Amino acid sequence: MTASQRWVLTLTSLAAFMIALDGTIVTTALTTIRKSLNTSVETLEWTVSAYILTFAVLMLTGSALGDRFGRRRVFVAGLALFTVSSAACGLSSSVGELIAARAVQGAGAAVVMPLAIAQLGAAFPPRERGRAMGVSAGIIGLATAGGPFVGGVVAQGLAWQWLFWVNVPVGVLVTAGVLLKMGETRGPQARLDLVGVVLTTGGVLGLVWALVRGNDAGWVSAETLGALAVGTVLTVAFVFWELRAPAPMVPLRFFTHRAFSAGNVASFTMTGAMYGQLYFLSQYYQTVLHYGPFGAGVRMMPFTATLLVFGPLSGRLADRLGERRLVSGGLAVQALGLAGIALLAGRHVSYPALIPALVVSGVGVSTAIPPTQKAVVSAVQPQQIGQASGVFSMLRQFGALFGTAVAVAVFAASGSYASPQKFTDGFSAAIGIGAGLAAIGAVAGLMLPRLRRVGAEAAASAEREVVAAG
């Protein structure tokens, strides 16, 4: 690994860690923030949803802007937007101000995350890409799963504003590092697909809005069905436009690559299962097992610690074994762990009895994350990595919304917050649905090319890089 590659890996991983952490860090601090800002839990939930909403909606746009104007330049702009809005979150004196600042944070995150993956993919040749993405994916997974723990620690030991102030020095340092140590890269198209930007933004906004509001407004309400209809129509229009556009934002031929399609399906279901688990697990610790925010966060560690260990290991193995075995096997293990949690929780077991299942589910996620990323970005030419990573990041975030929304709907149908028993009933059903999602992802993983084809594709990609380099 060269010095420039180490800088790219370090800086993109730090940026991605900061972005992923803010996606879940608020969950265990909601009670503290609610009391501080004197608002309802229902309103305060938008401090989570507003961030995820703009994050998911603007990812393809952020990726397209990076391809058009330079990935490093737009990456820096996204970091600056995220850092400034983090300070605005810390300065918020009302829930409205906090929600608005979180929405802007999500817009910055939508620029940073896909371009971090694109810069990382462009910096490493195919034979080294799995190891680099393993390190990055392990860090991202740790941040995602560790968010509730960090939130619990800060909420109980410090002021909730520090959830956001910590981003400011990190954002400044990463921005300085990017300006000094990272080179500029661009995508293939010469101009921005403005019609594609409008259609995809509106389409994803409608679909995401329906998922976010479905549980509160009702799944058959005019608001939910209307948003779903608008999102579907605009998404279909986007597909037809991209088939005819001279410089499409998302070349739909990407989906003819088996590795690209299967990798995205596996990532979607894996992320959905993980976010459903994260959303309810800390609540289970507090509602049923009667731990505080800090105690609940600490007891997430058997799950989160595996992400730091097995993510880098899986990345190195992906370069040797190929993605198929690791993705399918990892998601099968994730499904097994989630099924174990669902069954054990229904029997009113103590926390120590849950630890093996928590570890198993964490190992499964950790094993699957790096090879799914590698499969997707390795399926396209080096100049198209920015577009591919934008699609991958958007679908992963959409998977998080989908998994959470489905888990909440199943929970509401099977249980409630009325008593520990009612919560346990809903919790077991919701985690069981997560196990089913992971199992679907394991089947999708079997559709990835075998090692022989992966090696051939990597060699072809490497040859294209040499040709492109001139």
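**Helix packing and selected residues in the predicted model**

The protein chain contains 20 helices and 0 strands. The structure is a predicted model. Of the 470 residues in the protein chain, 58% are buried. Contacts were also examined by their separation in sequence.

Two helix pairs are described here. In one of them, helix H1 (residues 3-24) packs against helix H4 (residues 46-57), with an angle of about 135 degrees and axes 8 Å apart. The two helices are therefore oblique to each other, because an angle between 115 and 145 degrees falls in neither the roughly perpendicular nor the roughly antiparallel class. On the H1 side the contact is formed by Ile19, Asp22 and Gly23, and on the H4 side by Val48, Tyr51 and Phe55. Sorted by class, these residues comprise 4 nonpolar, 1 polar and 1 charged.

The other pair consists of helix H13 (residues 258-287) and helix H19 (residues 420-445), which pack at about 165 degrees with their axes 8 Å apart. H13 is therefore roughly antiparallel to H19, since the class begins over 145 degrees. The crossing of H13 past H19 is left-handed. The contact between H13 and H19 involves 16 nonpolar and 9 polar residues, and no charged ones.

The loop between H13 and helix H14 (293-298) holds histidine 290. The phi angle of histidine 290 is positive, at about 65 degrees, although the residue is not a glycine. Most residues other than glycine have a negative phi. Histidine 290 has a relative accessibility of 60% and is therefore classed as exposed, as the cut-off for that class is over 50%.

Serine 85 is located in helix H6 (residues 71-91). With a relative accessibility of 4%, serine 85 is buried, because the cut-off for burial is under 20%. Apart from residues up to four places away in sequence, serine 85 touches Ala101, Val104 and Gln105. The C-alpha atoms of serine 85 and glycine 106 lie 9.1 Å apart in space, and the two residues are separated by 21 residues in sequence.

Threonine 200 belongs to helix H11 (residues 194-217). The relative accessible area of threonine 200 is 5%, so this residue is also buried. When residues up to four places away in sequence are not counted, threonine 200 touches Leu60, Phe238 and Met249.

Leucine 317 is part of helix H15 (residues 301-321). Leaving aside neighbours within four places in sequence, the contacts of leucine 317 are with Gly322 and Leu326. Leucine 317 was also compared in position with arginine 131. These two residues are 186 residues apart in sequence, and the distance between their C-alpha atoms is 7.8 Å.

Notes
Residues numbered from 1 in each chain as written. Predicted model: local features only at pLDDT ≥ 70, side-chain atom pairs only at ≥ 80, totals over all residues. Heavy atoms only, no water. Helix = DSSP H or I, 4+ residues; strand = E, 2+ residues; numbered from the N terminus. Buried < 20%, exposed > 50% of the residue type's maximum accessible area, 1.4 Å probe, protein only. Axes fitted to C-alpha atoms, helices over the stretch in contact; angles between N-to-C directions. Parallel < 35°, antiparallel > 145°, perpendicular 65-115°, else oblique. Left-handed = near helix turned anticlockwise from the far one by under 90°. Nonpolar A, V, L, I, M, F, W, Y, C, P; charged D, E, K, R; others polar. Contact = heavy atoms within 4.5 Å.
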